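Work through the exercises below with the sequence and the model side by side. Try each task before reading its solution.

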Amino acid sequence: MSTNNTLLLVEKCSHCISWYDIESGRRVHSVALPDFPHEFVTDRDNRHAWVGHYGVETSGHAGPGGHALLQIDIAAGKLVRTIDLSPFNRIHGLQMDEADRLYALSEEKAALVVLDHPATDEAPRRAVPSGGIKSHLFALTRDGQTAYCMNLLSHTVTRVKPWDPLAVPLACHPGQKPEGYCLSGDERTLYVSNRWSRSLTAIDTETMQVVRAAPSRDDPTRIYRWSDTCLVVTNYGERSLSIVDPATLAEIDHIPLQARAIALSFDFERGVAFVSQDDDRVGVFNMHARRFERYIATQREPDVSKVVRTAL
């Protein structure tokens, strides 16, 4: 029997993080958060989650947004503290490395900040410029030595070195409004979805040059790696998923949706993807059969999710 029995889910327009029983689809618990939480990450042991307080509904909304990280005790189901990141605001992209160091991207300040010990740090211990404008999301190598920032308004992807204060960001222009990303298993290739260009690109992480490009469907917001031979793209504009071959970036399957996909997470043990949709449902998508098995009804605007083990 699987021990991964809970889907942890941010519901950004219900302003909370929630626990859902995967088998029954029942919402077990919710913790209220400040308005418009977005991304979250957990440590390796799934003891704590850190939610970024973005503070505005979408990247297209104006305003200063939030400037905090919200630390959640997953087993207790409680908000245990708030870490003020001022003056860094509009906290969106979050990642953790294999040493459980936490990286947070300030979209408005275009800076990547690092908490060496996020369970106890009261403020960032370092920060580096992203080298772009409106830095929204980023990929991180497993060792945390390199990050790749998606810069929505400068239309660039930049390579930065969080632990090298003298390193200069190196930019690549993959297309218009690069937003979605994933690294290959060997971290030598960065896959990017470009929303306004309607394209997918593969970037060599050593040279920061585009080595492959292909047209996509309308408004590809996110791209995820299921395996070394399978990527999944969420097409926001036309309400669909694309299964893509990373070797060519060609579409090998297409799955229409009833609503727009917001985010996606994998449960490799079950062989499924949990697809958050803007009709307030999470679809359970069988990656092998390439079909939806069922849907979980949620609160407003389900967003980022992760399968965790919890007794709640």
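**Exercise 1: A salt bridge across the sequence**

Arg81 is buried, at a relative accessible area of 17%; buried means under 20%, exposed over 50%, and partly exposed in between, with a 1.4 Å probe and protein chains only. This is a predicted model, in which local features need pLDDT of at least 70 and side-chain atom pairs count only at pLDDT 80 or more, while totals for chains, interfaces and linings use all residues. Residues are numbered from 1 along each chain as its sequence is written, and side-chain values use heavy atoms, leaving out hydrogens and water.

Task: find which residue forms a salt bridge with Arg81.

Solution. 
- Step 1. Apply the criterion: a side-chain nitrogen of Lys or Arg within 4 Å of a carboxyl oxygen of Asp or Glu.
- Step 2. The partner is Glu122, with the closest N and O atoms 3.4 Å apart.
- Step 3. Arg81 lies in strand β7 (residues 78–84) and Glu122 in the loop between β10 (111–115) and β11 (126–129), so the pair ties together parts 41 residues apart in sequence. Strands here are DSSP runs (E, at least two residues), numbered from the N terminus.
- Step 4. Glu122 is exposed, at 58% relative accessible area.

**Exercise 2: Two further pairs**

Task: state how Arg125 and Asp121 meet, and locate the salt bridge partner of Glu238.

Solution. 
- Step 1. The side chains of Arg125 and Asp121 form a salt bridge, 3.1 Å from N to O.
- Step 2. Arg125 is exposed at 51%. Asp121 is buried at 6%.
- Step 3. Glu238 pairs with Arg217, the closest N and O atoms being 3.6 Å apart.
- Step 4. Glu238 lies in the loop between β21 (230–235) and β22, and Arg217 in the loop between β19 (209–215) and β20, so this pair ties together parts 21 residues apart in sequence.
- Step 5. Glu238 is partly exposed at 32%. Arg217 is partly exposed at 28%.

**Exercise 3: The four-stranded sheet**

Task: give the strand order of the open sheet. Why is one side of β20 and of β23 left without a neighbour in the sheet?

Solution. 
- Step 1. The order is β20-β21-β22-β23, with antiparallel pairing. Two strands pair if DSSP finds at least two bridges between them.
- Step 2. β20 (220–227) and β23 (251–256) stand at the edges with a single partner strand each, so one side of each has no neighbour in the sheet.
- Step 3. Look at one pairing. β22 (residues 240–244) and β23 are joined by five bridges. Ile243 has Asp253 in β23 as its bridge partner.
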